[in-house]
Amino acid sequence: MRHDHLITSKQLSRADIETVLDRAAEIADDPAAVADRHANAVLGLLFFEPSTRTKMSFETAMKRLGGSVVDMGSVESSSVKKGETLADTVRVIEGYADALVLRHPKQGAAAMASEFVDVPLLNAGDGAGHHPTQTMLDLYTIRENAGLDDLTIGIMGDLKYGRTVHSLAYALTNFDTHQHFISPESLQLPREVVYDLHQQDDTQIREHEALESVLSSLDVLYVTRIQRERFPDENEYQKVAGEYQIDLETLEEASDDLTIMHPLPRVDEIAPEIDETEHAAYFEQAHNGVPVRMALLDLLLAGGESDE
C-alpha cells in the first residue's frame, strides 16, 4: 500500500486492500511478532466527535505495536474551543506525533487537513463522508466469513448519512460482488454515490425498500442504525426511526450461512436474540478493528511495505 494518507476507500485498489487484509491476518495469527515493531512511534488522536470503538481500537493498535499515543481530548477542553482552526490544530499536533487519526463532523475535513501535514493522516470519519479504516475491518470480517468474490451483500438502514456505507460500497467495487441497498426512500444512497458505483466496470447494484425481496439471496447483511445526530430535522428522523429492524422472525427466509454485520453502536436495528445465533458477526467485526488498524499503522509508518 503506497499512500501517504488514508482519506477515502476510493483511493484504494484491490491490491492495496489485499495487502492490508493479509497483513492484518498475519498480525492476528502472531501479534507478539510485532510487539516492538514501532517502539518509538507516537500516534496523535484528534477526535472532534464522540467515539468508542474507533478511538480505543486505534489506541490499542498503536500500543500493541510498541508505540504510544497522545490524545487531543474533547473539543471543550482543547484550543479548538478558543477558535483554533483545524489546519492549525493538525500542524501543531504533527510536531508531537508520527501519524495522526482524525474524526471530524464536517465532510471533507480529513482531505483538507491532510494538505497541511507531512506525517500519515488516517480519516476516522468525516461527517457523512467516508470512514475508510472501518471499511478495512468490514472487508476483513467479510473475507473471514464469506469471502470477497462471488458475493451478494445487502446494506440496510441509513444509506444517505452513513459514511461506513459509502466507504464500503466504493471498496466492494474492487471485487466480484452484487450490492443490494435497502432503505426508506428518504435515506437512499446519495445520487452521486449511485452514479459513481454505476461507473465501475462489472459493478452490479440494486436499490430496495423492503428487505424481504432480497433476503434469501444474501451472503452478508450489513445493518446500520438510523443516525439521529445526522438529521437536520427531528421530525424527519421520527418518520423513519425504528422502521428497519431484524429479529429471529425476520431471518426465517435467510440462508443458514448468512453473516450479519453492523458497524455499531446499534440501537434497536438488531434484536439481542440475534446475538446468540451463528449469523451474528458484529462483535467479531468490532474486535477485528485492532489487527486491521495495527496493519494500517504498520504499513503507513513503514512507508507502505512490511518487513515480511
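This is a predicted model: local features need pLDDT of at least 70, side-chain atom pairs count only at pLDDT 80 or more; totals for chains, interfaces and linings use all residues.

Reader: Let's start with charges. How many salt bridges does the structure hold?

Author: A salt bridge pairs a side-chain nitrogen of Lys or Arg with a carboxyl oxygen of Asp or Glu, within 4 Å. The structure holds 13 salt bridges. One of them joins Glu18 to Arg14, with the closest N and O atoms 2.9 Å apart.

Reader: Where do Glu18 and Arg14 lie?

Author: Both are in helix 1, 4 residues apart, which is about one turn of the helix. Glu18 has a relative accessible area of 29%, so Glu18 is partly exposed. Arg14 counts as partly exposed too, because its relative accessibility is 30%.

Reader: Which parts of the chain does the salt bridge between Arg37 and Asp298 link?

Author: The side chains of Arg37 and Asp298 meet at 2.3 Å, N to O. This pair links distant parts of the chain, 261 residues apart: Arg37 sits in the loop between helix 1 and strand 1, and Asp298 in helix 10. Arg37 and Asp298 also belong to a network of salt bridges with Arg23 and Glu26.

Reader: Is Asp298 buried or exposed?

Author: The general idea is that a residue under 20% relative accessible area is called buried, while one over 50% is called exposed. Asp298 has 0%, so Asp298 is buried.

Reader: What does the UniProt annotation "binding site" cover?

Author: An annotation comes from a record, and may be inferred rather than shown by experiment. In this case the UniProt entry, which is unreviewed, places "binding site" on Lys82, Arg163 and Arg225. Let's look at Arg163, which is found in helix 6 (residues 163-172). Its relative accessible area is 7%, so Arg163 is buried.

Reader: Which side chain meets Arg163 in a salt bridge?

Author: That of Glu49, at 3.1 Å from N to O. Here again distant parts of the chain are linked: Glu49 is in the loop between strand 1 and helix 2, 114 residues from Arg163. Both residues of this pair are buried.

Reader: How do I read the surroundings of a buried residue? Which residues does Tyr222 touch?

Author: Begin with its place, then list its contacts. Tyr222 is in strand 8 (residues 220-223), and it is buried because its relative accessible area is 0%. Leaving out residues up to four places away in sequence, Tyr222 touches residues including Ile153, Met156, Leu168 and Gln285. Asp138 is another contact, and the side chains of Tyr222 and Asp138 are joined by a polar contact of 2.7 Å.

Reader: What does the side chain of Thr8 reach?

Author: The backbone nitrogen of Lys10, at 3.1 Å. Thr8 lies in the segment before helix 1. Its relative accessibility is 17%, so Thr8 counts as buried. Thr8 also touches His130 and Pro132, not counting residues up to four places away in sequence.

Reader: And the surface? Which residues form a nonpolar patch there?

Author: Val70, Val92 and Tyr96 do, with about 270 Å² of accessible area together. Val92 is located in helix 3 (residues 86-94). Val92 counts as partly exposed because its relative accessibility is 39%.

How values were computed:
Residues are numbered from 1 along each chain as its sequence is written. Side-chain values use heavy atoms; hydrogens and water are left out. Patches are made of residues with over 30% relative accessible area and no salt bridge: like charges are joined within 9 Å, nonpolar side chains (Val, Leu, Ile, Met, Phe, Trp, Tyr) within 5 Å. Accessible areas come from the Shrake-Rupley method with a 1.4 Å probe; for residues, only the protein chains shown count as cover. Helices (H or I, at least four residues) and strands (E, at least two) are DSSP runs, numbered from the N terminus. Buried means under 20% relative accessible area, exposed over 50%, partly exposed in between (1.4 Å probe, protein chains only). A polar contact is a pair of N or O atoms within 3.5 Å; within protein, one must be able to donate a hydrogen and the other to accept it, and residues adjacent in sequence count only if both atoms are side-chain atoms. Contact means heavy atoms within 4.5 Å.
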